[in-house]
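Hi,

Here is the structure I said I would pass on.

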Amino acid sequence: MNPVTSIILAPVIGALILLVIPQRQEGWIKRVSAIATLIPVALALWMVFRFPVGEAGYHWVHRIAWLPALGIQYQVGVDGISLTLLLLHTLCGFTGVLVSYRIKERVKEYYLFYLLLIGGVAGVFASLDLFFFYLFYEMAVIPMFPLIGIWGSGEKAYATMKLTLYLTAGAVLALIGLLAIYAVSGTHSFDLIFLEHFLRQNPIPGDLQRWLFPFLLIGFGVIAPMWPFHSWSPLGHAAAPSAVSMLHAGVLMKLGSYAILRVAVQLLPEGAYTWLPWVAGLSIMNMVYGGFVAMAQKDMKFIIGYSSSSHMGYVLLGIACLNPVGLNGAVLLMFAHGIMTATAFAAVGHIYDQTHTRIASEWGGLARQVPFIATVFIMAALASAGLPGFGNFVAELLVFFASWNTHRWAALASILGIVITAFYMLRAVSTGFFGPLNPRWVKLQDATLFEKVPYLILLAALMLVGCWPKLLLDMISTSTPAVLSHLDPLKAVARL
Amino acid sequence: MIHPALFYTVSALTVASALGVILARRPIYAVLSLVLVLFGLSTLFVALHAFFVAAIQIVVYAGAVLVLFLFVVMLLDMEPEALLRARNKTMMGVGILFGLFFLGQLAAVAKALPAATGKPLPGTTAAIGKLLFTTYALPFEAASLLLLVGIIGAIVLAKKKL
Amino acid sequence: MVTAAGPWIILFAPLAAFIGIVLFGRKSKPVSAGLAIAGMVVSLGFTLTFFFHSLHAHEAIETAVSWVELPGLTLEFGLLINPAAILMALVVTGVGLMIFLYSTGYMAEDSSYPRYFAYLSLFAFSMLGIVLANNFVTLFMFWELVGASSYLLIGYWYEKPSAAAAGKKAFLVNRIADFGFLIGILMVWNLSGMGGEARTLNFLQLEERLPEILHSGAVAPGLLAAIVLLVFCGVLGKSAQFPLHVWLPDAMEGPTPVSALIHAATMVAAGVYLIGRVFFLFWASPEALAVIAAIGGFTALFAASLALVENDIKRVLAFSTLSQLGYMVMALGLGGYVAGTYHLTTHAFFKALLFLGAGSVIHALHTNDIWQMGGLAKKMPATTFTFLAATLALAGIFPLSGFWSKDEILAVAFERNKLLWAVGTLSAAMTAFYMGRVFCVAFLGKPRSHHAEHAHESPPSMTVPLWILTVPTLIGGFIGIPQYLHHATEAGLHVEFNLFVALISTLAAVGGLGLAYAVYARGARPGLKGQELLSRLAVPLSRKFWVDEMYSWINQNVQQRFADLLALFERFIIIQLCVNGVAKVTGLAGSLLRTAQTGKVQTYAAMLLAGLGFLLYLNLK
Amino acid sequence: MTPSLLTGLLPEIWLGLLFTLLLVLDLAWKEERSTALGMVAAAGLLPVFPVLAWQAGMGSHELLGGMYRLDLLALFFKGIFTAAAILVLLMTRELDKTIPRGHGEFYLLILAATFGMFLAASSAHFVMLFVALELISITFYVLTTYLQNNVNSLEAGMKYLVLGSLASGILLYGIAFIYGATGSMQLSRIQALYSAGAPLPVPLLFGLFLVIAGLLFKAAAVPFHFWVPDVYQGAPTPVTAFLSVGSKSAGFLVMFRVIQELFIGQAAQWAPLLAWLAALTILYGNLGAIPQRNIKRLMGYSSIGHAGYLLIGIAVASRLGSTAVNFYLASYLFTNLAVFLVIAAFSKVTGSDEIKAYAGLSKRSPFLAAAMFIALLSLAGVPPMAGFFGKFLLLMGAVSEGYIALALVGAAAVVVSLYYYLQIVYTMYADKPEDLSPIRVSLPVRLALWVCLAAMLGLGIWQGPLLHLSLAAISGS
Amino acid sequence: MSLPPVGLPHLIGLSGILFVIGLVGVLTRRNILLILLSLELILNAANLAFVAFSRAHGDLSGQIMVFFVMIVAAAEVTVGLAITVLLSRLAGKLNADEMRNLKW
């Protein structure tokens with residue numbers, strides 16, 4: 001069985017198995033879910049270890065003729081970029097299941113939707129066919145609705161609706177762009193590998209590319225989330241249950257930038273040239289504006305939420321640089337930020353489940369009561385602020401280097417961004433965890449040994465990458481040249 | 001095709017009766033006006049050599065369908081409708097406006113109609129009947145089902161007890 | 001032993017200790033302290049082998065692994081050992097070891113003792129990384145790690161809001177400084193490629209290329225000055241130079257050994273060390289150096305003046321540290337590479353000694369206020385003696401170590417810039433005065449509090465390190481540090497001993513001490529005339545010239561207001577107006593459309609016909 | 001093989017026999033057992049499928065002097081109609097209590113409508129077409145009014161009758177002008193008159209647009225849609241359901257026959273207009289649905305929206321577009337019927353069609369809620385449900401022919417529709433119910449729902465077979 | 001008096017006038033029964049057109065169509081009248097514009 005297909009199928013099959021398990025067998029439901037998400041982790045790791053560094057192109061490609069009449073085939077496979085993100089996704093997915101063990105209400109439905117979500121997202125990262133790419137993309141959006149609507153908190157009705165509509169709006173806009181590529185290229189094929197090769201030889205006319213690019217850019221940019229289309233995301237994070245926040249901020253947001261990279265930039269290089277400077281400009285808004293708004297927040301999840309949208313600005317900037325360093329930085333940051341933000345959300349969720357408030361100032365001094373969670377959160381906060389030793393630092397550093405000579409102002413903004421991050425993150429730590437313990441929380445429980453497992457996995461991954469980025473960079477940089485190879489060689493010179 | 005005198009006389013009568021249908025205050029007058037319209041048309045049909053159709057126009061249409069109307073009018077003992085000027089003026093306006101426009105369009109269309117090419121083919125009962133039972137057998141059967149549906153519908157709907 | 005692995009062992013021994021403590025020592029005091037100390041001993045041992053090796057072999061030893069390798073950007077993770085690095089590493093590991101030992105006594109009662117040692121080890125690791133790094137990126141990484149570990153150490157007693165705030169402040173001020181530093185690094189990176197070669201951030205390569213690049217004229221002097229000053233931004237933060245000095249006094253919220261380690265011997269010296277490490281770069285831009293010297297001089301005077309009226313013993317030392325760092329920066333700014341680094345080394349010893357001595361007192365009395373002390377000379381003889389030795393060294397009394405290094409700085413200043421020399425000498429006098437004041441008030445006279453009367457000497461675990469540190473304090477001027485340092489770089493200014501300068505500075509020091517003794521020696525108490533006079537004259541001093549107030553005003557009224565403003569924008573313009581607005585308009589359109597559905601069948605018919613008419617009109621007109 | 005009259009008309013003959021059987025049984029059985037007639041009818045329809053499959057091997061033929069056409073498109077749609085009829089008959093089971101009397105006749109009428117749809121699918125002549133369409137319409141007038149004691153039902157029936165007859169009149173008048181312009185009512189003969197690209201004469205165009213208007217009325221497209229919300233709301237639920245899938249499909253089928261097949265070469269003369277109408281219809285239906293509180297009325301507006309999507313497929317005048325229409329209609333059949341099955345099952349117990357009554361349905365009947373959830377997602381066009389692929393094909397068709405703006409309208413409306421569909425989902429899943437009593441679902445409805453669910457997911461995931469059928473239906477004609 | 005010869009356009013014109021009168025009737029009459037009557041007018045207008053065209057083309061299918069239209073009209077009227085009776089029985093009113101429970 002092809003490992004990539006297995007990664008997609010394992011959670012889906014898990015979901016099918018859940019259907020036949022009675023609602024009251026909660027233990028089995030959780031076990032099945034854990035296994036269904038652990039298998040992908042193992043497979044992703046296996047592929048990472050076996051990855052043929054230096055060999056460009058897609059590996060472990062699995063192709064099934066699906067609808068030949070329309071040029072649609074089920075085709076999955078990975079290159080360095082998508083494998084990195086798959087690894088991120090499987091890690092977040094698995095740890096999310098563990099973090100969700102605290103869910104008490106409607107357990108079966110919860111895991112059902114959750115597993116479907118996992119399967120859908122994995123499909124997006126693995127798809128090498130535009131049709132399936134889009135199919136999985138939308139499949140990934142929809143389970144969020146019940147997950148937030150039923151198990152969420154706060155303004156969940158508004159949040160979940162806004163999130164779903166926003167993401168769908170982006171998706172359909174992108175769909176039109178995809179279909180236009182299909183129509184304009186004249187190939188009548190959705191096969192991404194084929195399209196890449198074909199369009200390299202026979203590029204779409206430049207004017208057309210410039211027309212089409214915004215469809216994909218805005219469509220995928222919504223989920224990225226590109227300013228000013230970001231407002232769904234902090235709200236969504238805040239309202240979602242922990243595991244969903246983790247997956248949402250950790251992985252789902254990366255779908256957008258991944259799609260921009262994989263589809264928009266790769267297939268429409270001329271369009272990318274015209275529009276990406278604008279993206280760099282918008283990324284300034286993401287980074288600085290997002291940071292300042294985060295600074296004004298009181299709710300922990302909102303702080304992390306705005307922080308996420310702020311940091312996704314770095315990813316966008318990295319892509320906008322259109323040079324190998326920037327792309328590597330962007331992909332690495334997707335990974336690192338995903339892990340970091342998942343960790344932070346899990347930690348906040350752990351506390352919220354007991355305190356039922358997320359207002360930082362209402363916590364106070366929790367480090368005494370829940371030292372483990374506090375440590376985890378502080379580490380995540382420091383990682384987010386770009387502390388060396390965590391993956392975020394390396395990635396952000398790469399973005400600085402990449403953008404310094406291509407988008408000077410954005411580079412300055414990005415450096416300013418990590419200063420701002422430090423401000424609000426440390427303040428969140430101080431208000432929430434330091435100072436005297438608020439007597440309301442003397443009964444707060446720290447993580448049990450079992451509950452520590454997800455945090456340890458995530459932090460280990462984050463630090464491993466932070467200390468030895470080559471683990472992933474070798475893989476990523478194997479595949480970045482392909483993304484840039486569509487670019488006009490004259491223009492591609494010396495963009496660093 | 002038709003002698004002008006006949007045509008204009010009959011059409012004037014028909015149009016007048018048609019106006020009666022939509023203007024008459026008393027329902028019964030409206031129904032009777034429609035009968036006149038049917039007679040007028042039947043005359044024209046004959047002039048156009050559509051004999052069979054003209055016949056059933058009188059026998060079936062006027063003789064059966066409109067009698068049904070009359071029955072219902074009697075049955076429900078309908079009151080006269082309000083005067084014309086009490087009716088919805090907007091509706092009237094829309095109707096007339098659309099009507100004028102439509103007739104304008106029709107004038108353009110009529111001008112572009114192809115000239116009559118075929119030689120007159122009398123629509124006798126034999127000719128029509130032959131066609132009905134050969135080529136048009138299937139619609140004919142369908143029409144029978146249609147009537148059955150009408151009957152069932154009327155019974156199911158209007159009868160108090162089944 | 002001097003192998004390629006050696007530098008790595010120096011660097012990673014404390015990290016190993018940290019990991020060991022996290023994994024195995026979380027519950028046990030002896031295990032955690034033992035691991036931490038063992039880590040330091042290993043580092044120290046290897047540093048010493050390198051030191052002895054370097055006495056006869058001066059060439060730098062470099063070892064690196066490729067860390068990031070991408071087309072257009074190669075980053076190494078590497079170490080570079082040269083005399084300056086060895087000296088600094090010796091300070092870090094040597095003073096560090098003493099402080100570790102001292103901490104076993106000082107922190108014996110603390111409940112989260114293992115956490116403390118874990119942080120200390122982490123800090124030592126980070127600091128050694130700065131010392132040994134062979135390129136800007138590696139250095140910057142450890143630079144940040146030092147910031148983070150000092151954040152943890154300063155905020156060690158996180159339940160005290162002031163401690164948590166102080167830690168945060170330290171980190172943030174450093175972060176602001178690093179904003180400039182990072183930009184500086186990026187500009188250096190570009191600079192390195194101007195000769196046409198692949199860009200690099202490696203110190204040795206930079207040093208090799210710089211003359212060529214400068215010679216080619218591709219770099220405007222203004223640009224170079226900008227680059228240097230941006231790099232210097234980092235120094236401003238770490239070495240707490242004006243105007244980013246504000247974090248250091250607050251950082252005294254941390255445990256006293258931490259203050260000794262971080263805020264006297266190592267972290268704050270990192271900035272000065274950085275200037276030394278890339279002195280070739282600084283040396284290339286005289287304009288920038290002039291600015292740097294001025295900032296250093298100003299900080300020296302400014303901080304010394306603040307120390308005059310401070311009553312918290314640790315804060316006095318903190319201001320003193322600021323002032324001395326200003327000295328060093330001034331020296332480097334004037335081109336005195338050796339002088340600055342020399343003073344950095346000696347200062348590390350005696351200032352650590354001062355802090356540890358202060359810690360010993362605080363440990364005994366549980367107070368930081370010098371006016372709660374008094375008469376400790378008899379009760380804590382070891383502490384008193386070592387503290388006195390360090391005080392004299394700091395004041396610059398012949399022949400203690402401080403005299404020599406300070407004198408070298410003043411000599412450089414005398415030669416280069418008479419104004420700065422005057423500033424230096426004045427601050428030397430002030431230094432002598434405030435140190436004399438502290439010593440007189442705290443150790444002489446009669447006990448002024450209940451605790452002071454019942455004070456006891458600290459345990460040997462604390463006094464032994466004091467004694468050990470006294471040795472270099474006393475003899476630091478005779479062991480040939482300047483000569484050793486000359487091997488490190490060609491750049492910089494070399495000056496000879498200047499008798500005039502030495503005499504003047506000695507006069508200033510003695511004068512300051514004498515004045516202090518005269519005012520405070522006999523039974524000094526808070527209501528004393530001189531003290532009263534001074535503090536009344538010096539309201540601005542006691543408020544530290546309102547710099548902190550200004551920053552917090554900016555923080556609250558500019559930065560936070562701006563953030564709130566953007567949050568309002570987000571809430572009302574983006575969310576309410578744009579996002580919800582679109583939804584509202586859509587909903588409204590729906591509500592409007594449905595009014596066409598009047599329920600009247602004839603209206604429907606009319607609209608149907610109108611539609612038909614329109615349709616026909618469009619197509620047949 | 002060349003079909004004989006018997007083999008070619010076998011489905012219709014079978015339907016006629018079934019009709020007769022039912023008529024006899026209705027008279028023979030007692031009133032109490034008459035509800036079982038529905039099951040008999042449903043079971044009796046099942047053999048139609050194999051017959052259709054068998055006929056598919058015969059190729060395209062015209063029978064009865066060009067009155068009747070046997071081709072894949074007709075067979076495809078007959079399959080759709082049969083499936084719709086079966087599911088509606090199963091659904092009727094839930095409504096036994098609400099219909100005051102005349103159960104047997106109810107099933108008879110459904111069969112009659114199905115028969116009309118069959119004829120419409122196969123008609124190759126305007127006479128046949130008109131009679132077939134009227135058979136459908138008149139049957140539905142009766143069915144809509146079937147709840148004699150319910151004022152809403154009566155009002156709906158009245159409105160439908162008046163507007164429907166008006167539309168029929170317009171259609172008829174249009175046919176007259178087509179006849180006048182061409183001298184024939186035989187579709188194949190008209191087709192032969194105009195070569196590709198030749199402009200249509202004004203009288204023909206005049207007639208054609210009147211015919212289009214009449215058909216758009218059936219299809220529920222703007223501006224001929226006004227009857228839809230009222231009738232959907234007032235009619236008995238199974239009738240609404242049948243109306244929404246059967247009658248609408250028939251409308252589109254005939255539109256395809258009349259516009260596409262006859263005048264594909266003159267697409268430039270009618271396609272832009274339809275594209276505009278498609279956009280307006282999509283917007284009207286989806287925007288109008290937002291403020292609705294009654295689920296059947298909401299489904300009415302939703303149905304208008306879907307008609308707009310389907311119109312895209314006609315307007316683009318390409319093979320892809322037509323394939324998309326076929327696929328869309330087939331998937332829409334199961335999807336929409338699933339929704340109405342839930343509505344029927346729900347209102348039988350609660351007696352309410354108000355959306356807010358659905359609060360907490362997921363607790364009262366997880367099965368119904370899940371079915372509704374999936375069906376609504378499919379309606380909105382979310383993968384992996386069948387509705388998604390249909391929309392995908394339509395948008396693909398639009399983009400391929402350069403109708404980017406139209407595709408954008410369609411895409412935007414997906415978002416709007418998701419909003420009101422998900423409101424229902426949210427109500428079912430997240431709101432607290434006032435009444436916690438579980439809702440029982442009868443076996444036939446359960447069965448029908450399972451069929452719909454299987455079809456929605458099956459067609460959505462494994463699109464190949466249906467896609468090929470849809471494509472073949474276009475190519476074979 | 002010499003009238004111009006009557007041709008197809010005349011007949012179509014008459015048919016159009018009847019059609020329009022029917023439409024106006026549908027719009028303006030309030031009584032449902034009378035609306036149905038107006039609808040009959042529309043059908044008859046179409047019938048006239050069919051017969052005229054049948055004559056013009058020399059083709060009988062137009063007349064056959066008229067035959068079927070009559071059947072359809074009969075069925076329609078039957079159902080329509082049933083509904084009318086039912087409405088008057090249940091709602092007690094026959095005015096179309098007063099029946100607007102279902103709206104918006």
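How many residues does the largest nonpolar core have, and which of those residues have the most contacts inside it? The count is 807 residues, and the ones with the most contacts inside the core are C:A352, D:L135, D:A338 and D:L341. Helix α15 of chain D (residues 319-350) supplies the largest share of this core, 20 residues. Chain B is in there too: domain 1 (4-119) and domain 2 (124-162) each give at least three residues to the core.

Before you go further, bear in mind that this is a predicted model. Its scores are ipTM 0.89 and pTM 0.91. For chain E, which comes up a lot below, the mean pLDDT is 88, with 97% of the residues at 70 or more.

Back to D:L135 for a moment. Leaving aside residues up to four places away in sequence, D:L135 touches B:A142, B:L145, B:L146 and B:V149 in chain B, and D:A112, D:F115, D:G116 and D:L119 in chain D.

Now the chain contacts. Which two chains share the most contacts? Of the eight pairs of chains in contact, that is B and E. Their contact takes 77 residues from chain B and 63 residues from chain E. On the side of chain E that touches chain B, the elements giving two or more residues are α1, α2 and α3 of chain E, and α3(E) gives the most, with 21 residues. By type, that side of chain E divides into 41 nonpolar, 17 polar and five charged residues.

Chain E also meets chain D, in a contact with 34 residues from chain E and 31 residues from chain D. Here the elements of chain E that give two or more residues are α1 (8-28), α2 (32-57) and α3 (61-90). The largest share of this side of chain E, 15 residues, comes from α3(E). The split by type is 27 nonpolar, five polar and two charged.

Chain A is another story where B and E are concerned. Chains A and E do not touch, and their nearest C-alpha atoms are 25 Å apart. No contact joins chain A to chain B either, with the closest C-alpha atoms 38 Å apart.

One glycine in chain D may be worth a click. D:G390 is in helix α18 of chain D (residues 386-400). Is D:G390 buried or exposed? It counts as buried, because it has 31 C-beta neighbours inside 10 Å, and the cut-off for buried is 20 or more. Not counting residues up to four places away in sequence, D:G390 touches D:A324, D:F327, D:Y328, D:S331 and D:Y332. For a sense of scale, D:G390 and D:P100 are 39 Å apart in space, C-alpha to C-alpha, and 290 residues apart in sequence.

Last, a hairpin in chain C. Strand β1 (residues 61-70) of chain C runs antiparallel to β2(C), and nine bridges join the two. C:L70 stands opposite C:L73 in β2(C). Two residues lie between the strands of this hairpin, and C:G72 takes a positive phi near 95°. Why does strand β2 (residues 73-81) of chain C count as largely enclosed by the rest of the structure? Because eight of its nine residues are buried.

Cheers

Key: Residues are numbered from 1 along each chain as its sequence is written. Chains are lettered from A and ligands numbered from 1 in the order in which they are written. This is a predicted model: local features need pLDDT of at least 70, side-chain atom pairs count only at pLDDT 80 or more; totals for chains, interfaces and linings use all residues. Two residues are in contact if their C-beta atoms, placed from the backbone, lie within 7 Å. Helices (H or I, at least four residues) and strands (E, at least two) are DSSP runs, numbered from the N terminus. Ala, Val, Leu, Ile, Met, Phe, Trp, Tyr, Cys and Pro count as nonpolar, Asp, Glu, Lys and Arg as charged, and the others, Gly among them, as polar. pLDDT is the predictor's confidence in each residue, from 0 to 100. A residue is buried if 20 or more other C-beta atoms lie within 10 Å of its own, exposed if 12 or fewer, and partly exposed in between; C-beta atoms are placed from the backbone. A nonpolar core is a set of buried Ala, Val, Leu, Ile, Met, Phe, Trp, Tyr and Cys residues joined through C-beta atoms within 7 Å. Domain bounds come from an automatic or database domain assignment. Two strands pair if DSSP finds at least two bridges between them.
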